[in-house]
Amino acid sequence: MDQTSVQAPPATLAMPQNPIRFIVDGMIVEAQPGQSVLQACDDAGIYIPRLCYHPDLAPAGNCRVCTCKINGRNSAACVTPAMHGMSVENDTPQLAADRRVLIEMLFVEGIHPCPYCVASGDCELQALGYRLGMVAPTENYQWQKRKIDATHPDIALDHDRCILCSRCIRASRMEDGKTVFAFSGRGIEMRLTVGADGGLGATQMAAIDKAAGVCPVACIVIKRDSYMVPNGKRRFETAPIGSDIEARRPKP
Amino acid sequence: MMANQGDAVRRFIADVGGDRTRLLDIALAVQKHAGYISDEAVALIADGTGLHAVEVEDTVSFYAFLDRTPRGDCRIRLSRTPISLIKGASRIAAAFEACLGIAIGETTQDGRFTVEWTNDIGMADQEPAAMINSAVVTHLTEADIPGIIASLRSHTCGKNPFPVGSTVRPSLVQAGPLLAGPFAAGDGIRAALALSPDKVIEEIIRSRLRGRGGAGFPTGMKWRLTRKSAGREHYIVCNADEGEPGTFKDRMLLADFPDLVVDGMTVAGYALGAREGIMYLRGEYTYLWSQLQTVLQTRREAGLLGHAICGRQNFDFDIRIQLGAGAYICGEESSLLESLEGKRGAPRDRPPFPTEHGYLHQPTAIDNVETLACAARIMVSGADWFAGIGTKESTGPKLLSVAGDCARPGVYDVPFGLTINELLDRVGAPDAAFVQSSGPSGQAVSPKDFGRQIAYEDLSTGGSTMIFGADRDVVDIARQCMDFFVEESCGWCTPCRVGTTLLKQGMDKIVGGRATRADMQALASMANTVARMSRCGLGQMAPNPVLTTMRDFPEHYEARMRSETFVPTVSLQDALREASRIQGREASKAAS
């Protein structure tokens with residue numbers, strides 16, 4: 001089932017007499033049939049923090065950062081279909097605190113040296129840490145033993161920075177039709193894998209693949225492509241993550 | 001050898017018609033044949049099923065009973081649970097280590113033996129217990145070990161020796177409303193066939209039967225939703241992936257009352273309009289495989305399965321058993337479906353619910369073994385009889401798996417509404433200090449709550465009842481429960497994958513006597529976040545060992561608390577140990 005692109009709804013369902021309307025933090029949001037809560041909120045200019053969600057890919061619900069209280073129950077907004085009459089809490093102190101803890105978990109699970117990371121300023125994990133007010137992790141760093149895969153001529157794969165969001169897995173399977181990536185193992189031992197003994201270099205992966213461009217951190221890095229935009233001028237250094245979505249909100 | 005393996009793998013693929021959704025069957029067959037799943041086997045499986053090799057790896061690497069590297073021909077898996085440890089599992093482990101000259105987790109040089117720990121194997125009433133390949137040996141004593149090893153050594157039939165038969169003893173201690181009455185194979189089906197499928201569902205609704213796995217969803221409503229959902233096929237799945245530590249009542253039913261369970265599945269098949277039922281049997285219960293297949297075959301010959309069941313035209317229904325491969329999460333119904341479809345057992349987001357989009361996207365009802373046994377009994381004895389037992393919200397009988405510090409461990413068939421005190425009297429545990437009810441996912445019950453009733457509206461339980469005496473440490477048991485969740489978290493979502501490990505480390509610090517008040521507050525806060533943010537029931541329940549013991553046994557935490565404002569997780573001596581060893585200054589032993 002490919003939900004990757006938001007298609008125009010059939011005319012009969014989109015008729016104005018039968019709209020899907022629901023409430024997010026007291027505001028009325030209108031949704032197109034088939035949209036998730038997160039997609040409808042995006043269109044309405046309401047930013048729900050998220051990490052594993054990517055607008056071009058089917059949602060997978062890995063990170064849980066987009067969790068909202070929907071009709072009284074915590075659910076991930078990326079995988080919850082928008083339904084008429086729903087009540088959604090998004091911007092609450094409790095959810096902000098819980099989301100911040102999730103970001104912190106990812107920081108201590110992997111190794112994320114922001115000051116000297118190529119993605120600094122472009123990294124969605126780092127940007128969410130700032131947006132959600134994470135100062136420094138208070139939990140123990142796990143220092144897991146992970147590898148760097150430099151076998152590919154054009155792409156580096158640094159597993160220390162992988163946050164297991166499954167974006168590359170989904171992109172490679174659904175968009176590139178290659179299925180280069182998958183998970184292996186389970187629990188805290190779960191890893192991104194390319195399956196091939198020879199590493200990424202032994203796969204069909206190409207630097208122009210969708211899978212190479214969707215990584216929210218610096219796990220998948222295109223070689224010889226870094227620092228084209230200098231520090232200080234990168235995406236999240238000029239405006240906080242989510243600003244682009246919030247800019248869509250109609251001015252009162 | 002490799003050519004042989006290639007032929008074998010191709011045969012296993014052909015056995016399931018190259019169907020990629022049967023990947024678990026193929027992988028289990030390769031594992032059994034070769035002892036592990038080699039890179040060559042992965043490539044062959046990918047080739048034969050049309051999957052990518054990396055997708056095969058994704059599934060195979062998920063399950064504890066599938067190996068990607070060679071291990072010993074004899075896999076000895078010792079059950080490590082709070083119960084097995086108080087019954088002496090550590091001494092059994094030491095006996096195996098001494099006898100084989102290896103440490104737990106290692107393989108002997110000749111490649112004959114691997115000894116390792118595994119999570120609860122469903123033998124809590126007969127610990128210490130172990131799996132030796134698929135056989136189960138119970139009530140182990142240290143004196144047994146040399147004999148077991150000698151017997152295994154003298155056996156030279158290649159990769160899969162099974163010289164040791166299973167020694168599991170009957171577990172039922174007290175039959176009650178569910179099991180005491182007479183029941184012959186087919187009784188439930190014949191009673192159901194006197195009604196229309198809708199009437200069968202009405203009877204189940206009137207009985208107010210709720211799911212026995214622990215969640216307590218009304219079974220009749222589940223069946224009605226499934227029946228009403230449009231689909232090419234409808235399926236009934238029996239969840240026999242009984243993995244909650246301390247429970248074994250489903251094993252008892254499958255071993256000693258299989259016809260009751262299969263009757264229940266067949267009744268469900270009739271009610272749902274299903275033609276196929278699948279029993280998902282946990283890998284730990286592989287030793288029941290042959291006898292369950294015999295039961296199914298006997299029933300086919302008796303006209304109770306297959307074409308025109310009990311002579312009823314157009315009622316065709318059969319059952320396939322799917323073996324699991326060591327993953328607690330697959331007891332969660334949506335993970336179970338993923339596993340049934342040949343994938344890693346990661347839960348699905350809902351909606352859609354399995355009643356609409358279940359197995360192969362078709363409407364599917366997934367019911368616990370005991371629930372299906374109840375359904376068969378309701379057909380025979382009636383909804384009124386069933387609803388007359390138990391309490392207002394919890395009708396009928398409940399099977400309890402009782403183990404630990406008590407005189408008579410085993411399965412008890414009791415009406416809902418029984419208090420913990422009454423249960424402790426029956427099982428012979430007058431001095432219980434606390435009861436871990438419903439396993440690690442449940443809660444530790446302190447004596448002040450022993451008057452509470454076992455019922456959905458009070459002390460809700462899937463059946464696991466672990467009893468601990470006064471010399472057991474409730475905080476350490478809670479820590480062991482966290483170990484379990486660390487190993488069984490599927491890893492799909494952040495809060496459970498990372499949170500279970502952080503919670504375990506927090507408990508380690510407390511048990512190690514290094515935690516301050518701030519540490520305990522931070523741990524409780526983290527536990528609540530994991531409970532709120534996790535994707536499925538496993539992660540939502542995983543903090544329960546921490547939260548329920550902190551709430552009901554605060555004095556045990558207070559007693560361990562350090563008064564300082566800060567104590568590092570690791571002592572300076574421990575942090576420097578490796579450096580000291582390298583410098584030859586080991587003598588400076590670590591203080592606290």
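Helices (H or I, at least four residues) and strands (E, at least two) are DSSP runs, numbered from the N terminus. By that count, chain B holds 25 helices and 14 strands. Welcome to a predicted model, in which local features need pLDDT of at least 70 and side-chain atom pairs count only at pLDDT 80 or more, while totals for chains, interfaces and linings use all residues. Residues are numbered from 1 along each chain as its sequence is written, and chains are lettered from A and ligands numbered from 1 in the order in which they are written.

**Chain B as a whole**

- The C-alpha atoms of chain B fill a box of roughly 85 × 65 × 45 Å along the principal axes.
- For 592 residues, a compact globule would have a radius of gyration near 25 Å, and chain B agrees with its 25 Å; the radius is taken over C-alpha atoms, and the globule rule is 2.2 Å times the number of residues to the power 0.38.
- Of the 592 residues of chain B, 54% are buried (20 or more other C-beta atoms within 10 Å of a residue's own; exposed means 12 or fewer, partly exposed in between, with C-beta atoms placed from the backbone).
- Two residues are in contact if their C-beta atoms, placed from the backbone, lie within 7 Å. Among contacts in chain B with a separation of 6 or more, 72% come from residues 24 or more positions apart.

**Domains of chain B**

- The assignment, whose bounds come from an automatic or database source, gives chain B domain 1 (2-60), domain 2 (74-153), domain 3 (172-387), domain 4 (397-468) and domain 5 (474-558).
- The C-alpha centres of domain 4 of chain B and domain 5 of chain B are 23 Å apart. Nine residues of domain 4 of chain B are in contact with 13 residues of domain 5 of chain B.
- On the domain 4 side of that contact in chain B, strand E12 (434-437) and strand E13 (443-445) each supply at least two residues.
- That side of domain 4 of chain B has four nonpolar, five polar and no charged residues (nonpolar: Ala, Val, Leu, Ile, Met, Phe, Trp, Tyr, Cys and Pro; charged: Asp, Glu, Lys and Arg; polar: the others, Gly among them).

**Where the chains meet**

- Chain B and chain A each bring 33 residues to their contact.
- On the chain B side, helix H4 (53-60), H18, helix H19 (494-511) and helix H20 (517-533) each give two or more residues. H19(B) gives the most, with eight residues.
- By class, the chain B side has 13 nonpolar, ten polar and ten charged residues.

- Helix H18 (residues 474-488) of chain B has 15 residues and should span 21 Å at 1.5 Å a residue, which agrees with the 21 Å between its end C-alpha atoms; the expected span is 1.5 Å times one less than the number of residues.
- Buried residues in H18(B) include Val474(B), Ile477(B), Phe484(B) and Phe485(B).
- Glu301(B) is found in helix H13 (residues 289-301) of chain B. Glu301(B) counts as exposed because it has 10 C-beta neighbours inside 10 Å.

**Chain A**

- Chain A is divided into domain 1 (20-91) and domain 2 (99-238), with 25 Å between their C-alpha centres.
- Their contact takes eleven residues from domain 1 of chain A and 16 residues from domain 2 of chain A.
- Strand E3 (residues 67-70) and strand E4 (residues 73-76) of chain A run antiparallel and are joined by four bridges; strands pair if DSSP finds at least two bridges between them.
- Cys68(A) has Ser75(A) in E4(A) as its bridge partner. Two residues lie between the strands of this hairpin, where Asn71(A) takes a positive phi near 50°.
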